[in-house]
Amino acid sequence: TPGVRPLIAGNWKMHGLAADGLALARAVAAGGEGIAAEILVCPPATLVMAVAAAVQGGPVAVGGQDCHLVAKGAHTGDVSAPMLADAGARYVIVGHSERRADHHETDAVVKAKAASAIAHGLVPIVCVGETLAQREAGEAESVVRVQVAGSLPEGFVAAGGVVAYEPVWAIGTGRTPTEADIAAIHAALRQAVGPATRLLYGGSVKPGNAAAILALPNVDGALVGGASLVAEDFLAIARAA
Ligand code: PEP
């Protein structure tokens, strides 16, 4: 989208111990110098603080992969938005399909998490996307529209919130929608969120398909899973933006 700086975000998921996570972050930071796109890495919660310290002052921002909907309290095992901000995060992914599936997160919960992120100075990246059954039933666009309507809180656009379209069946599978299908969903998203909100595509983005996907109208970056664990691959995707 004209005038919009692309965002290339890496979702490490549940990967990374201190040694390899910090090495990966440092390699991305070193290779990220001079790349036009904004680069973000989202390590597991255990590494957010150390990775943020390691890449501070460089071209790479750090994000969490999820946050709780309240700031603190009796929620064993959860991490809140102010905790992530305090650890050095600037972004947080909310509503990833793995969270929606594994932890039964509804649109209402995702909306509350995004609101908490904004309230504590984090930029939320809200994920939406249809399942294979929904795509085959011709429901992809309506599913995504309903998710966006239900998952974006008040103040989302003003806070610079990001939406990631991630078809569930494309995540980690090596399968991607056609370019026309991606463009169609992103056009619908653009209608819903207006001109300034960055819209990412996610789902089996690799160095080999990144340039074509990132050139599509209304695709303002990518959310990258598997390929974000290999510095050279992730940087190649960032350079393609
Ligand atoms: C993701 O889960 O955010 C993702 C896009 O994964 P992958 O790139 O591995 O498909």
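1. The radius of gyration here is taken over C-alpha atoms, and the globule rule is 2.2 Å times the number of residues to the power 0.38. For 241 residues a compact globule would have a value near 18 Å, and the protein chain has 16 Å, which agrees. Along the principal axes, its C-alpha atoms fill a box of roughly 45 × 40 × 30 Å.

2. Before you read on: this is a predicted model, where local features need pLDDT of at least 70 and side-chain atom pairs count only at pLDDT 80 or more, while totals for chains, interfaces and linings use all residues. Numbering starts from 1 along each chain as its sequence is written.

3. On secondary structure, the protein chain has ten helices and eight strands. These are DSSP runs numbered from the N terminus (helices H or I, at least four residues; strands E, at least two).

4. Now the helix pair. Helix α1 (residues 18-32) and helix α10 (residues 231-240) have axes that come within 9 Å and cross at roughly 35°. Axes are lines fitted to C-alpha atoms, for helices over the stretch in contact, with angles from 0 to 180 degrees between N-to-C directions. Leu 24, Ala 27, Val 28, Gly 31 and Gly 32 in α1 meet Ala 231, Phe 234, Leu 235 and Ala 238 in α10, where contact means C-beta atoms, placed from the backbone, within 7 Å.

5. As for the ligand, 13 residues surround it, and the closest are Ile 171, Gly 172, Gly 202, Gly 225 and Gly 226. To count, a residue needs its C-beta atom, placed from the backbone, within 6 Å of the molecule.

How values were computed. Two residues are in contact if their C-beta atoms, placed from the backbone, lie within 7 Å.
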